[in-house]
Amino acid sequence: MTIWHEDDEFWRTCVGHLLRDRLDQASEEVERIITLVGIDPPGTVLDLGCGIGRHSLELARRGFRVTGVDRTREFLAEARGQAKGEGLAVEFVEEDMRRFCRTGEYHLAVNLLTSFGYFEDPEDDHRVAQNLYDSLKQGGALVLDLMGKENVARVFTPREWHEKDGEIWLYERRVTDSWSWLENRWILIKDGEKKEFRLSHRLYSAAELSRLLKECGFASVDAFGDLGGAPYDHQAARMVIVARK
């Protein structure tokens, strides 16, 4: 049985349209990121889990030297096509985030839209975090953007559905392993046909993720409620971690 995060149909069917719907948000998100960490072009940036290149392309438009890494070949082909059409020099690499590492290469690394914590073995998460640390230059910064355990607990809904453009999406969620793991079941009904996908990922609190990153060597770790630097409190929309080497 194919592991969900290695299933091309899942990324194509469930995630591709979500990324394209958010294309117009990339400029503001990148502006917030570079303001939050204080980096200027032509710094080097690693976009780990870059998808269709929303942020990689926007960073390149601003003069940064960017490497986008993803495991989904279709997404990378789309990103390369967009970069070529705009005349942008972005390097896109097809690789598993557990293996990609370039020692001391980047001023900034980003991992956005809950692209961390997919693996059942927690050592794999540690490996990804260590790769990110090792890939940064001394003084470089990492930005992680995900839904923290605290965010999920506040807004948790076991079931919901929505309809858009003739598609009906149904979502079912279940928390397991003492609030450390989230099991998801997504069902798509379109043109009278049903497709079902199951996905899961680890839930980290800010304290737990900070501890993991410090174990990898990061000198400082701060948690924010969004990319704009809002407090990570009971009203936080997301968990944004800024870790510095």
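Tutor: A disulfide is a pair of cysteine sulfur atoms within 2.5 Å, and we shall need that cut-off as we read this model, which is a predicted one.

Student: How many disulfides does a search of the whole structure find?

Tutor: The search finds zero disulfides.

Student: Are Cys50 and Cys216 buried or exposed?

Tutor: A residue is called buried when its relative accessible area is under 20%. Cys50 has a relative accessibility of 7% and therefore counts as buried, and Cys216, with a relative accessible area of 4%, is buried as well.

Student: How should I read a nonpolar core, and which residues touch the most other members of the largest one?

Tutor: The general idea is that in soluble globular proteins nonpolar side chains tend to be buried together. In this structure the largest nonpolar core has 46 residues, and those that touch the most other members are Phe10, Leu142, Leu209 and Leu213. Helix 1 (residues 8–21) supplies the largest share of this core, with five residues. Apart from this core lies another, made of 27 residues, including Ile34, Ala60, Leu76 and Val90.

Student: Which residues are in contact with Leu142, if we leave aside its neighbours within four places in sequence?

Tutor: With those neighbours left aside, Leu142 is in contact with Ala109, Leu132, Leu136, Leu213, Phe218, Ile241, Val242 and Ala243.

Student: Where is Leu76 found, and what does it touch?

Tutor: Leu76 is found in helix 4 (residues 73–86), and its relative accessible area is 0%, so it is buried. Not counting residues up to four places away in sequence, Leu76 touches Cys50, Gly51, Gly68, Asp70, Phe92, Val93 and Glu94. Take Cys50 as an example: it is 26 residues from Leu76 along the chain, while the C-alpha atoms of the two are separated by 8.3 Å.

Student: Which residues make the nonpolar surface patch?

Tutor: Trp161, Leu170 and Ile189 make a nonpolar surface patch of about 290 Å². One of them, Leu170, lies in strand 7 (residues 167–176). Its relative accessible area is 32%, and therefore Leu170 is partly exposed, a term for values between the 20% and 50% cut-offs.

Student: What is the phi of Asp177, and what is that of Asp191?

Tutor: Asp177 has a positive phi of about 50 degrees, although it is not a glycine, and Asp191, also a residue other than glycine, has a positive phi near 55 degrees. The place of Asp177 is in the loop between strand 7 and strand 8 (181–190), whereas Asp191 is in the loop between strand 8 and strand 9 (193–202).

Student: Are these two residues buried or exposed?

Tutor: Asp177 is exposed, with a relative accessible area of 56%, and Asp191, at 72% relative accessibility, also counts as exposed.

Definitions and conventions: Residues numbered from 1 in each chain as written. Predicted model: local features only at pLDDT ≥ 70, side-chain atom pairs only at ≥ 80, totals over all residues. Heavy atoms only, no water. Core = buried A, V, L, I, M, F, W, Y, C linked by side-chain atoms within 4.5 Å. Buried < 20%, exposed > 50% of the residue type's maximum accessible area, 1.4 Å probe, protein only. Helix = DSSP H or I, 4+ residues; strand = E, 2+ residues; numbered from the N terminus. Contact = heavy atoms within 4.5 Å. Patch = residues over 30% accessible without salt bridge, like charges linked within 9 Å, V, L, I, M, F, W, Y side chains within 5 Å. Areas by Shrake-Rupley, 256 points an atom, 1.4 Å probe, with all protein chains shown as cover. Salt bridge = Lys/Arg side-chain N within 4 Å of Asp/Glu carboxyl O.
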